[in-house]
Amino acid sequence: MPIFELIYMNMKFCLKTAFLMINFEQNQDTNLRLIVEDTLGGTLQEPIESIFEFESSRQNNENMPHGTGLFMLKTILETFFLGSISCNNTTQGARFEIII
């Protein structure tokens, strides 16, 4: 599965009811920066970096796995693509920045 399809499917699964805005940028170092923003009002989890930890989800849905999607995405990006992922809140929602 291509990396961008993996990223999109993972983010869409984690943010299933959100409108996603996706931006691509390439810098002079040939790194690709992917910015994904949602419209769900952001995350309340503190510290915000903890959303990438295994089983850190605060979703209250017993039928869904909790806290594995973003953890797996971060692990794949760092291990196989020497990339990174970060998150911050905006006025509309959460903003994820992926660099590979």
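This is a predicted model: local features need pLDDT of at least 70, side-chain atom pairs count only at pLDDT 80 or more; totals for chains, interfaces and linings use all residues.
A search of the whole structure finds three salt bridges, and glutamate 97 takes part in the one with arginine 33, where the closest N and O atoms are 3.7 Å apart. Since arginine 33 belongs to strand E2, residues 32–37, and glutamate 97 to strand E4, residues 94–99, the pair ties together parts that lie 64 residues apart in sequence. Arginine 33, for its part, counts as partly exposed, at 27% relative accessibility.

Let me turn now to helix H2. This helix runs over residues 69–80, twelve residues in all, and spans 16 Å from its first C-alpha to its last, close to the 16 Å expected at 1.5 Å a residue. Its buried residues are Gly69, Leu70, Leu73 and Leu77, and because they cover an arc of only 95° around the axis, they sit on the same side of H2.

Within H2, glutamate 78 and lysine 74 are four residues apart, about one turn of the helix, and their side chains meet in a salt bridge at 3.4 Å, N to O. Both partners have intermediate accessibility values: glutamate 78 is partly exposed at 38%, and lysine 74 is partly exposed at 25%. Following H2 comes leucine 82, whose phi is positive, near 50°.

Conventions: Residues are numbered from 1 along each chain as its sequence is written. Side-chain values use heavy atoms; hydrogens and water are left out. Helices (H or I, at least four residues) and strands (E, at least two) are DSSP runs, numbered from the N terminus. The expected span of a helix is 1.5 Å times one less than its number of residues. Buried means under 20% relative accessible area, exposed over 50%, partly exposed in between (1.4 Å probe, protein chains only). The arc is that of the directions from the helix axis to the C-beta atoms. A salt bridge is a side-chain nitrogen of Lys or Arg within 4 Å of a carboxyl oxygen of Asp or Glu.
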